[in-house]
Amino acid sequence: MKRINALIVFLLPLILYAQVNIIPAPVSIKQPKIANLFNITSSTKIVLEGSNLENSANFLNNYLQKFYGITLEVTNTNAGNNSIVLNFDRMNKGDGAYNLTVNKKGIYIGGDNESGVFYGVQSLIQLLPVPAPMQKTTETKLRIPFVSITDYPRFAYRGLMLDVGRHFLPVDFVKKYIDYLALHKMNYFHWHLTDDQGWRIEIKKYPKLTEVGAWRNGTIIGHYPGKGNDNERDGGFYTQKNVKEIVKYAAERYITVVPEIEMPGHAMAAIAAYPELSCFPEEPTIKYFDSRSTWAGDSSGKQVMQSWGVYNDVFVPSENTFTFLQGVIDEVIGLFPSKYIHVGGDECPKDNWKRSAFCQQLMKEKGLKNEHELQSYFVQRMEKYINSKGRSIIGWDEILEGGLAPNATVMSWRGEKGGIEAAKQKHDVIMTPTTYLYFDYAQTKNEDSLVIGGFLPLEKVYKYEPYAKELTAEQAKYIKGVQANLWTEYIKYPTKVEYMIFPRVSALSEIQWSPKEKKNWPDFQKRIQTQFKRYDLWKAHYSKAFYDLKASVIPAPDYKGVMWKLESNNKSDKIYYTSSFADSNLFEYKGPIKVTNLGGEYHAFLRNKENEKIGYGVKQKFFVTKATNKKIILSVPASDNYPGSGPFTLVNAVQNEAGLAKSEEFLGYNGTDCEASIDLGSIQQISIVKVHVFDRPESWIYRPAFFHVAISKDGSQYTTMGTSDIFEATGDNGNGVMTVNQKSVAARYIKVKLGNYGTIPAGNPGEGSKAWLFVDEIEVN
């Protein structure tokens, strides 16, 4: 028995440290049948057999020192078997390819180029033990499993954006953010530097941009339009010295910094500094401010905007404006070696251009048919200047409007449509759709901090596939990469930034790097739990929503009501639930719970092995009506961006009460009507039909133009029950209902039609675009 115990003690370290959990998943991993380990100690040396590999050696050494307390000697001399060798291997797999081998001879990393060696170092870092081992001796030993890895990236552009326009973030944290990109093998840092709420980069030719434009006198409190103003001066900017320092820091990590200077919209901070850049220099900013919001301080003249959203005060397309922007670009190009200069181009309302006599005259002179073509003229004018400096522009997909600038790269954010269109026109594309890659969206249904809304869990991010099925193989070649975006309207502090990107950034990295056939959600679930330990090692703040109790509503068999399904990723936890009809009694969850015909409110929570209550728990209200889980058919399916849980979404006894914070509870229609047919199963007396909808114009979502109901006993002959265009708000977050009622009538079949609002009117965010229609529950009583 003693010999067996001794054997277990001997083998335990091998079992413990032989696990290889690398994110993003490499192309190929091979491990010996019998696990073995190589020990990194303070006597191990980093050997540079290739030239110009100091960046990789320094990054590894800094990581080892910071998190494990050891520093290794770096040398050009062979150190025998106790070494980490960095060299070049000719792999012909493109930029970033590498080989990594760990065996009894030591550790070898061979890259196709410098960045390949650097990415090999990132994989080696993920072979280090986590948590860091507690040493009982004076010498630290880091046990690394024997392994052979061959790896290279799927996409050339692997990016993450940080918005510092809404909230300024300090230089040290921007560097830390860049380190997070490096640790995930990303190579583009998109730096959103200007917006309505702040100008963040020093331009020496125009000092007022940072003297005035970098500061606002207050910020709304809570969700737009806000519940007051904090009355605190907010802002900051990066000096050109800061910028050079950050660009150099990124370059040492093989990351290109792409600066974004917004134009022609999102320009109010610049206009506050130089009012002549506006179509109407004498109009005060307060004119554009939502009357429901609270303003702080001086309201005269042009000011930096204190609220979120999209505003009509945009750049006037005058020679003075172009001279100004060219002066800005000149200094930006001098600071950023990136081939890309991001010009924004998104969300530019045309209302002021329509009101402006100057703009209308310019359109006549240039033969421009409408304001969309005027935007295209603006963007193409700046593109020619940027091209003349040897650079290329990149912009949000609105730059497609009025004709795409000839050499532009498109970032497709409003779904994939813009990217698909651009690729078909043979323009390079970066996919960054809101519904999969906007990291300012909530990542848990139990979110207790302020976020913009939406719901984007880890699994949904992970399952995104950038190559749209609408593209041919030849067209798909123009999809050059993938990027996620972090907008900071509701993110003020570095800790919140970390919380919003982690762990979703790890899922993003696997989309960007790993072959499609290597993506495997169950396997990723195992690997991400090791990654959580690395976050802990880094002392990074991260969401633990992965371990949340997850609830879903599913149809009961034979169209007889609904059931509440509960799940946890931690299988050792037990789930308990109660309901408003249970007299506070707790029940252990054994399977989907049948919701009573009375509906009511259900609660559930987790207990761990120690019987301690963990997490926030979940709750759900159910509103059971005659339509609940009855057979329903949609004439037109909902958008792929907002599919809910299919037609069942409209009859699942769940009514959205949280607006966009639970957007998955809506079916979304972009520019089209919603038509549904419900079979109640038998002829019944009904007198009222309600539909729950959503109205939030600032998010391009509009209430229905009308709600029409028709009824039938046999499914072939229908009569009109009624039509309504009255929207009744049920809260202050955009939720509302539309109702058709009548004296009691007999019906089995019900047809409902909700008319889409149509085209978004001028002066509103997304003007000229198709309005979204969001539909929730249909009640029949």
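# Guided tour of the predicted model

Begin with helix α4, which is largely enclosed by the rest of the structure because 11 of its 13 residues are buried (buried means under 20% relative accessible area, exposed over 50%, partly exposed in between, with a 1.4 Å probe and protein chains only). Helices (H or I, at least four residues) and strands (E, at least two) are DSSP runs, numbered from the N terminus. This is a predicted model, in which local features need pLDDT of at least 70 and side-chain atom pairs count only at pLDDT 80 or more, while totals for chains, interfaces and linings use all residues. Residues are numbered from 1 along each chain as its sequence is written, and side-chain values use heavy atoms, with hydrogens and water left out.

**Helix α4.** Select residues 171–183. Among the buried residues are Phe173, Lys175, Tyr177, Asp179 and Tyr180. Just after α4, select lysine 185, which takes a positive phi of about 60°.

Next select glutamine 483, in strand β21 (residues 479–486). Glutamine 483 is buried, with a relative accessible area of 0%. Leaving aside neighbours within four places in sequence, its contacts (heavy atoms within 4.5 Å) include Tyr157, His190, Met411, Thr432, Leu508 and Gln512. Leu508 and Gln512 are among the buried residues of α17. Helix α17 (residues 504–513) has 10 of its 10 residues buried, so it is largely enclosed by the rest of the structure.

**An open sheet.** Four strands lie in the order β25-β24-β27-β28, with antiparallel pairing. The edge strands, each pairing on one side only, are β25 (587–588) and β28 (613–622). Two strands pair if DSSP finds at least two bridges between them; strand β24 (residues 574–579) is joined to β25 by two bridges. Select tyrosine 577 to find its bridge partner in β25, phenylalanine 587.

**Cavities.** A cavity is a set of points on a 1 Å grid over the protein atoms alone where a 1.4 Å probe fits but cannot get out; lining residues have an atom within 4 Å of a point. Grid points are joined across faces, edges and corners, and a volume is the space filled by probe spheres set on the points. There are three cavities of 30 Å³ or more.

**Confidence.** Finally, colour by pLDDT, the predictor's confidence in each residue, from 0 to 100. The protein chain averages 93, and 97% of the residues score at least 70. Over residues 1–17, pLDDT stays under 50.

Conventions: Expected span 1.5 Å × (residues − 1). 1 Å grid on protein atoms, 1.4 Å probe; cavity = no way out; pocket = protein on both sides within 12 Å on 5 of 7 lines; lining within 4 Å.
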